[in-house]
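Q: I have a chain open here and would like to go through it with you. Could we take it step by step?

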Amino acid sequence: MKKLLSALAACSLCSTAALAASAYLTAPGQLSVQPTYSHQWARDFWFNDTPFSLSGDLVQDTAGLDGQWGIAPGVALDWSVAYSTVTYEGGTVAGLELTQNGKQHRSGIADSNLGLSFNLSDEFASPSDATPTISARIGGIIAGNYDTGFLNAPGDGASGVEFGLLFGKFFPLLNGGVYGDLGYRWLSSDTPDAWLGSVGAYKILGPITLSAGLREYHSVDGLDILGPGFTLDRFTAVREINRSYEAGLTWRQSDRNSFSVGYAHTFEGENTPKKSVVVLAGNLLF
């Protein structure tokens, strides 16, 4: 069951820039690899907390490879690398030119993550049925090689470090469970630091697992688009709040291979697109 939950959690939907980490770590010597592809689109954007309709579609496609390697009992190394392309064929909104030099397409290596996780409690090794699985993770963020300073940039181009606590709990009588995380991200340059977290539940139905949850990214400070001090070249200094719901379906082909499809939608935010995301992912355990 522990191996199963590790594989299922590794394929959970990640609707923000946060790494899709899990409280369930791979066993020593095991390698878990997750190829991912996401397609997201938006036609509306919150400038501060005011929604504006864009004059064209904002579309982002990202292909990546995540992984986790168990290096010792209760200790695992994880990573995430990806390549992303963003297209915006619109023009100005509220008098603001949202692209730079007329370039509608931007692409590059996305921000990469490298982290180390430590298991703090294991529900399957505890004598108490109430014990959850809890892991702590510390990670580094390496800025990608894309251009920044406009709406269709793949990201903020900021390096940094992050710390988080992740939890999970399986309930045998329900054949399902809950999961979640809470973390903080310190970012370089003028990009605001941020809190990030998620909470959700899943239900196992034979080889199929259904999941649903909420996720939030919350900058602690920063500029508002169209607010005092904002210019296009200060897009990376913008304060972002992003609240999304997500749902996923995972098919377990075997104890070592599973495949997932997920959907997420941003229902509330500030200085962020009102986006929808479709994610395809696999989990291969070696």
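Q: Which residue is the bridge partner of Gly180 in β11?
A: In β11, Gly180 is partnered by Val199. Please keep in mind that this is a predicted model, in which local features need pLDDT of at least 70 and side-chain atom pairs count only at pLDDT 80 or more, while totals for chains, interfaces and linings use all residues. Residues are numbered from 1 along each chain as its sequence is written, and side-chain values use heavy atoms, with hydrogens and water left out.

Q: And in which sense do β10 and β11 pair?
A: β10 (residues 176–187) and β11 (residues 194–205) pair in the antiparallel sense over 10 bridges, where pairing requires that DSSP finds at least two bridges between two strands. Strands are DSSP runs of E with at least two residues, helices are runs of H or I with at least four, and both are numbered from the N terminus.

Q: What sits between β10 and β11?
A: The two strands form a hairpin with six residues between them, and Ser189 in the turn has a positive phi of about 60 degrees.

Q: How many bridges join β11 to β12?
A: There are 12 bridges between β11 and β12 (residues 208–219), which run antiparallel, and Ser198 stands opposite Arg215 in β12. This hairpin has two residues between its strands, with Gly206 in the turn at a positive phi of about 65 degrees.

Q: New topic: is Thr87 buried or exposed?
A: Thr87, which lies in strand β3, counts as buried because its relative accessibility is 18%, and buried means under 20% relative accessible area, exposed over 50% and partly exposed in between, with a 1.4 Å probe and protein chains only.

Q: Which residues is Thr87 in contact with?
A: Leaving aside neighbours within four places in sequence, Thr87 is in contact with Asp57, Leu58, Val59, Gln104 and His105, where contact means heavy atoms within 4.5 Å.

Q: What about the largest nonpolar core, how many residues has it?
A: It has 15 residues, and those with the most contacts inside it include Leu54, Tyr88 and Ile225; a nonpolar core is a set of buried Ala, Val, Leu, Ile, Met, Phe, Trp, Tyr and Cys residues joined through side-chain atoms within 4.5 Å. The elements that give two or more residues to this core are β1 (31–47), β2 (50–72) and β3 (75–88). Apart from it lies another core of six residues, among them Ile141 and Tyr217.

Q: And how many helices and strands has the chain?
A: The chain has one helix and 15 strands, and 50% of its 286 residues count as buried.
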